[in-house]
Amino acid sequence: MKRSEVPQDKSNLGTANLRELCYAVDENGEYTTEHTSGWDPKTIALTNAIDDIKERVAAAKKRVLANETSPIEYYMELHKMDLSVLASYVGMWKWRVKRHFKPSVFKKLSAKTLQKYAEVFDVSVEQLQQIDS
Amino acid sequence: MKIDFTHHQSAHCENGVVSNLMKHNGFTVSEPMVFGIGSGLLFCYIPFLMVNHAPAITYRAMPGFIFNRFAKRVGVTFKREKFKSPEAAKKRLDENIKQKNPVGLQVGVYNLGYFPDEYRFHFNAHNLVVYGKEGDTYLISDPVMEEVTTLTEKELEKVRFAKGAFAPKGHMYYPVAFPKELQLEKAIVKGIKHTCRDMLAPVPIVGVKGIKTIAKLIRKWPKKKGTKVANHYLGQIVRMQEEIGTGGGGFRYIYAAFLQEAGKLLGNEKLVSLSSEMTQIGDLWRDFAVDASRIYRNRSTKVDVNVYDDIANQLEAIADKEEVFFKKLKKAI
């Protein structure tokens, strides 16, 4: 890639006033660095990944409201986690966390366990138990 | 307490931290040099592991490997510490800053407040340097940022003790012993040989063969998983290739920069001409990303299956080029 060809597309980096560094060759074929504000092919990929997460969050919310899963799954998706990441944050086995997705099990959770989840998700226990439609 | 530390922005965090710490100690080593000597270039597909609900593919060596290999090959000794308790981790960090010793830290990205929201994923192998503390705020030099930044005690503790794969566990490191004079020549040869061996490995998931395996999978995905999932997977490949830290073209441009620098240092003309060949291969990776993005631009619309074959062909062409390239590189050194 030539230095003059380093893409300067609009991207999410701009929101944080951030530009990243690219390696490119100058007119004499010497390697140098150049800032880039973004590149469409990767911006599209990132936007798609974000949309995908949003869809997962919305689907989880729907299932919580339909009493098919517990709010823990909703908050897990909201924090871009998967089962293994969440399990390591709360320090429990994956199967245990998965079991807590069951609304009937979730209702019987001890205050201590609820507190653990609430801390990881940075919400109060009340917020954890109640999800607004 | 503020240490006189010069922040240089780099493309990739691991090379950047090593390069910045070396510069602070009076040894000028560029980012591509660290990357090349540490044999950072790779292609690897990790079957069965899913990252962000897509197959795991990497264009670089495992986190920490570049760093270890570089230190070993140039003869710099690093002290590394990991901690069970956040209090102990904080205490050791504060002690070092008091002794005017800037340290590298491994951190998780998810709670790094100065990153744009969209970039905050559960990725735990990010690196930065702490070069001071004012009140309860740490002064941070994050190599991928243009300028220096800060984190509060609480924020820093959160990112140092992020959980999940590659959990940093407060991981802290800094150089303690240097050779009298930096001898890069031998280290460069070792680094290049290692990369050639990796890229030409007779394993179906690594190097050139790994690229071919992915090409095969790309042909299969739309039929087996449907276009929506196939497009998501494709998007992930491009993200791994081009996301912050790669310097463009899945690290191929950084590597080309390394070959150019190494060629001049060793007086080896072949390396300089191979550098421009690597640049062309990098351009092919960029073309692949552009064409792949045309497919995943519309996430779920029906796409003709032939377009997947087209980009799979492109990948196979790249793999063939890289195979020839690394065979030549092996002989050139």
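This is a predicted model: local features need pLDDT of at least 70, side-chain atom pairs count only at pLDDT 80 or more; totals for chains, interfaces and linings use all residues.

Residues are numbered from 1 along each chain as its sequence is written, chains are lettered from A and ligands numbered from 1 in the order in which they are written, and side-chain values use heavy atoms, with hydrogens and water left out.

**Stop 1: a bridge between chains**

Select A:Arg19 and B:Glu146 and show their side chains. They meet in a salt bridge, with 2.9 Å from N to O. Why does this pair join two chains? A:Arg19 sits in the segment before S1 of chain A, and B:Glu146 is in the loop between strand S6 (137-141) and strand S7 (149-152) of chain B, so the bridge runs from one chain to the other. Helices (H or I, at least four residues) and strands (E, at least two) are DSSP runs, numbered from the N terminus.

**Stop 2: the A–B interface**

Now color by chain and select what touches across the boundary. With contact taken as heavy atoms within 4.5 Å, 39 residues of chain A meet 50 residues of chain B. Together the two chains bury about 4,000 Å², with 55% of that on carbon and sulfur atoms; buried area is the accessible area (1.4 Å probe) that two parts lose on being put together, summed over both.

How many salt bridges are there between chain A and chain B? The count is 4. Polar contacts come to 21 residue pairs between chain A and chain B, both residues at pLDDT 80 or more. (A polar contact is a pair of N or O atoms within 3.5 Å; within protein, one must be able to donate a hydrogen and the other to accept it, and residues adjacent in sequence count only if both atoms are side-chain atoms.)

H1(A) supplies the largest share, 13 residues. By class, that side of chain A has 21 nonpolar, 8 polar and 10 charged residues, where Ala, Val, Leu, Ile, Met, Phe, Trp, Tyr, Cys and Pro count as nonpolar, Asp, Glu, Lys and Arg as charged, and the others, Gly among them, as polar.

**Stop 3: A:Lys42 and its partners**

Center on A:Lys42. Its side chain forms a salt bridge with B:Glu243 at 3.9 Å, N to O, and another with A:Glu20 at 2.7 Å, N to O.

**Stop 4: the two domains of chain A**

The contact takes 4 residues from domain 1 of chain A and 4 residues from domain 2 of chain A. About 280 Å² is buried between these domains, with 44% given by carbon and sulfur atoms. Pick A:Asn12, A:Glu20 and A:Gly38: in domain 1 of chain A they lose the most area to domain 2, together 79% of what that side buries.

**Stop 5: the two domains of chain B**

Domain 1 of chain B covers 13-37 + 77-177, and domain 2 covers 184-332. Their centres, taken over C-alpha atoms, are 29 Å apart. The contact uses 10 residues of domain 1 of chain B and 15 residues of domain 2 of chain B. The area buried between them is about 1,200 Å², with carbon and sulfur atoms giving 78%. Show B:Met33, B:Phe35 and B:Ile37, which supply 44% of the area that domain 1 of chain B buries against domain 2, more than any other three residues. The salt bridge count between these two domains is 0.

**Stop 6: a backbone detail**

Finish at A:Lys80, in the loop between helix H2 (71-78) and H3 of chain A. A:Lys80 is not a glycine, yet it has a positive phi of about 55°.

Methods: Domain bounds come from an automatic or database domain assignment.
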